[in-house]
Amino acid sequence: QVQLVESGGGLVQPGGSLRLSCAASGRIFSINAMGWYRQAPGKQRELVAQITSGGSTNYADSVKGRFTISRDNAKNTVYLQMNSLKPEDTAVYYCNVRVFVAPFRPLDDYWGQGTQVTVSS
């Protein structure tokens, strides 16, 4: 199995910054895409940002220019640098990793436990 450990959430004032981290470990042959999703109360989970194994990135329109996703392949870790945070960014943030656990196996999806980000004065 694959384990994901998230860190970096918390309470921050509007305009502030936070950096989320998600480290993957366990039975990993190779990692395909890594990403961050978020879910606010009463809303559906939505994609925030994703980065492929080749380094291509994709962002939700609402975070473009404020958030930056990156990955360290040697550490199997994905990061989300969040700047200029707004109250509407408040949500539980979930790490998602798409993994090949063995050659010739299909991709498996794994999710982190979620970390709360609260933007409030």
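**Figure 1. The aromatic pair of the predicted model.** In this predicted model, the count of aromatic pairs comes to one. The partners are Tyr37 and Trp111, whose ring centres lie 5.0 Å apart. Tyr37 belongs to strand 4 (residues 30-39) and Trp111 to strand 10 (residues 108-111), so the pair ties together parts that are 74 residues apart in sequence.

Figure 2. Asp89 is placed in the loop that links strand 8 to strand 9. Its relative accessibility is 1%, and Asp89 therefore counts as buried, the limit being under 20%. Which residues are in contact with Asp89, when neighbours within four places in sequence are left aside? They are Arg38, Arg66, Phe67, Ser84, Val117 and Val119. One of these contacts, Ser84, lies in the loop between strand 8 and strand 9 (91-100), where Asp89 is also found.

**Figure 3. Two residues other than glycine with positive phi.** The backbone of Asn76 has a phi near 50°, a positive value in a residue that is not glycine. Asn76 sits in the loop between strand 7 (67-72) and strand 8 (77-82). With a relative accessibility of 22%, Asn76 counts as partly exposed. Ser84 likewise is not a glycine, and its phi is positive at about 50°. The location of Ser84 is the loop between strand 8 and strand 9. Ser84 counts as partly exposed at 42% relative accessibility, and Ser84 is among the residues in contact with Asp89.

Figure 4. Is Pro41 buried or exposed? Pro41 is exposed, with a relative accessible area of 76%, which is over the 50% limit. How many residues along the chain lie between the positions of Pro41 and Thr90? The two are 49 residues apart along the chain, and their C-alpha atoms are separated by 9.1 Å.

**Figure 5. The setting of the close-up views within the whole chain.** The protein contains eleven strands and zero helices, and from the N terminus on its elements run β-β-β-β-β-β-β-β-β-β-β. The C-alpha trace spans about 50 × 25 × 25 Å along its principal axes. The radius of gyration is 14 Å, which agrees with the value near 14 Å that a compact globule of 121 residues would have. Of the 121 residues, 42% count as buried. Among contacts between residues at least 6 apart in sequence, 55% join residues at least 24 apart. The accessible surface comes to about 6300 Å², and carbon and sulfur atoms account for 48% of that area. There are 12 positive and 8 negative side chains, with the centres of the two sets 3 Å apart.

Note on methods
Residues are numbered from 1 along each chain as its sequence is written. This is a predicted model: local features need pLDDT of at least 70, side-chain atom pairs count only at pLDDT 80 or more; totals for chains, interfaces and linings use all residues. Side-chain values use heavy atoms; hydrogens and water are left out. Helices (H or I, at least four residues) and strands (E, at least two) are DSSP runs, numbered from the N terminus. The radius of gyration is taken over C-alpha atoms; the globule rule is 2.2 Å times the number of residues to the power 0.38. Buried means under 20% relative accessible area, exposed over 50%, partly exposed in between (1.4 Å probe, protein chains only). Contact means heavy atoms within 4.5 Å. Accessible areas come from the Shrake-Rupley method with a 1.4 Å probe; for residues, only the protein chains shown count as cover. Lys and Arg count as positive and Asp and Glu as negative; His and the chain ends are not counted. The place of a charge is taken as NZ of Lys, CZ of Arg, CG of Asp or CD of Glu. Rings of Phe, Tyr and Trp (its six-membered ring) pair if their centres lie within 6.5 Å; planes under 30 degrees apart count as stacked, over 60 as edge-to-face and the rest as tilted.
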